[in-house]
Amino acid sequence: MANFYTDHPEIGFHLDHPLMKRIVELKERNYADKDQFDDAPVNYEDAIENYKRLLEITGDVTANIIEPNSESVDLEGPHLENGRMIYASKTKENIEATRQAGLWGVSMPRRYGGLNIPITVFSMLSELVSTADSGFQNIWSLQSCIDTLYEFGSEEQKQKYIPRVSAGETMSMDLTEPDAGSDLQRVMLKATQDEDGTWRLNGVKRFITNGDSDLHLVLARSEAGSRDGRGLSMFIYDKRDGGVTVRHIENKLGIHGSPTCELVYKNAKAELCGDRRMGLIKYVMSLMNGARLGIAAQCVGLGQEAYNQAVAYAKERAQFGKKIMEFPAVYDMLSRMKAKLDASRAILYQTSRYVDIYKSLEDISHERKLTPEERTEMKTYTRLADAFTPLSKGMASEYANQNAYDCISVHGGSGFIMEYKCQRLYRDARIFSIYEGTTQLQVVAAIRYITNGTYLSIIKEMLQEEVSDEMKPLQDRIARCVALYEEAVEKVKADDNQEEHDFLGRRLYDMTGDIVMALLLINDATKAPEMYAKSAKVYARLAEEEVVGHADFIKSFSMDDLKDYRLMEEQEA
């Protein structure tokens, strides 16, 4: 019987990372729960075994229930009845199966009905769900909205809502509006208070994933007369209280099982979450960073399935008297798909580990004063997490799209036929580089770390790490790429032109991602050559190819070139 966890040992490899010991130590608070909860681990080894059992259960559910349901879900999709969203019938089965398996609220402390798992393990679960059906992953992974409520809500709100999510109730984050997409400062959904202090929400939200969920986190304008982000607060809306109807469900290109709704709020009762005026400035930023990590996991899962489908077809399909897998054009494509997949997974879990450490220390700081060493540690890993998150989301989403595209190419004409799964993967993947911040917005988030030298400092530290003799030549090749990268960054900074800076930002971003991911993969191949050596070699060449090209483009670029691009646009207009 298939199992998406045990069938892909690359996932389990990342449980053995040295940082996992620190993560478990912080998460379990010296295993204080062992005397109160039967499922709590008694030591590090026990915690890892717990994670493996959870992953194996998830691997079984995803391979044998969610994946077999995925085609039916794609064809049926959700539908609208009397102002309510109704899931596809097989989506309901998926929700029930994951509830029975205990896969809801898993990141929450045990006192709220959770399993207290680290973000790294949650990312692994999320990858497995996406391998089976990335549309259902959207529904399931939105339970992570509860992390924001746990971090910023009152104790009363935690006790009221978190156990419900742990029991399997669904969540959504209601941010965007018809006139406020990426520019959330323009959100105008109105939050007002009754005389008794009860908050009421009025307005419209659009493009809300899983929009008719049980519990919503809502960004709304609480400060009358304000026009910017400082007038926005975060609210909790409970579907049981009524006041919100679904006006429309979007007819999308892909991820059909994931309902994308337009919602109408009419005097909907809500609770303030956290402090007024901090909704966008603090809470949504936290929410979005978590969501971006979730999308990166979604990308890795789909990228894995695209690779699986391509390899299976290439092994079976024969042309000109031999299997197409034997043709250089095909095995080149497959090797690049695998290298991009392994590199995406490497940066996903590196980012997850960084987030785990700083989030755990942040949580501990609410219980006691951190030591000076812990404060330094939290600052270090916050910086790393902030720098790696836009790289992880942006690079993984682009690679998922490329793998889905190449999967169709391997299938040839069959890939264009609706009966084959690869067309659905292709349709599903397209949204990954758009929602929760387009790749262009990931560039905006990352560019300051490029120009202030943060990434370069990280890269140079990575270059000092010991690697195997087999990987040393690759490390040396990437070191030469780093020199080109440093020259390119300095050239853009020296030119001191904002328009040029913005125009070349994507190329600098891609160079950064290429180098960081190559070095991560080289380190993985040092520890597990049987698993990663081939991908490391292929990806290092891919990275080298791109870095050299971008470096040459940037080195020779001038403002006259920028005028040429503008002229091209004028001619087309």
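How many disulfides does the structure hold? Hi everyone, let's start there. The structure holds zero disulfides, where a disulfide is a pair of cysteine sulfur atoms within 2.5 Å.

Before the details, a word on the model: it is predicted, so local features need pLDDT of at least 70 and side-chain atom pairs count only at pLDDT 80 or more, while totals for chains, interfaces and linings use all residues. Residues are numbered from 1 along each chain as its sequence is written, and side-chain values use heavy atoms, with hydrogens and water left out.

Cys-273 is in no disulfide, and the nearest cysteine sulfur, that of Cys-145, lies 11 Å away. With 1% relative accessibility, Cys-273 counts as buried, meaning under 20% relative accessible area with a 1.4 Å probe, protein chains only. Then there is Cys-422: the closest cysteine sulfur, in Cys-407, is 4.6 Å from its own, too far for a bond. Cys-422 counts as buried too, at 0% relative accessibility.

Now for a pair of helices, taken as DSSP runs of H or I with at least four residues, numbered from the N terminus. H4 (residues 89–100) packs against H6 (residues 134–141) at about 50 degrees, with the axes 11 Å apart; those axes are lines fitted to C-alpha atoms over the stretch in contact, and angles run from 0 to 180 degrees between N-to-C directions.

Who touches whom? On the H4 side we have Thr-91, Asn-94, Ile-95 and Thr-98, and they meet Phe-136, Ile-139 and Trp-140 of H6, with contact meaning heavy atoms within 4.5 Å. By class, that contact has four nonpolar, three polar and no charged residues.

How values were computed:
Helices (H or I, at least four residues) and strands (E, at least two) are DSSP runs, numbered from the N terminus. Ala, Val, Leu, Ile, Met, Phe, Trp, Tyr, Cys and Pro count as nonpolar, Asp, Glu, Lys and Arg as charged, and the others, Gly among them, as polar. Buried means under 20% relative accessible area, exposed over 50%, partly exposed in between (1.4 Å probe, protein chains only).
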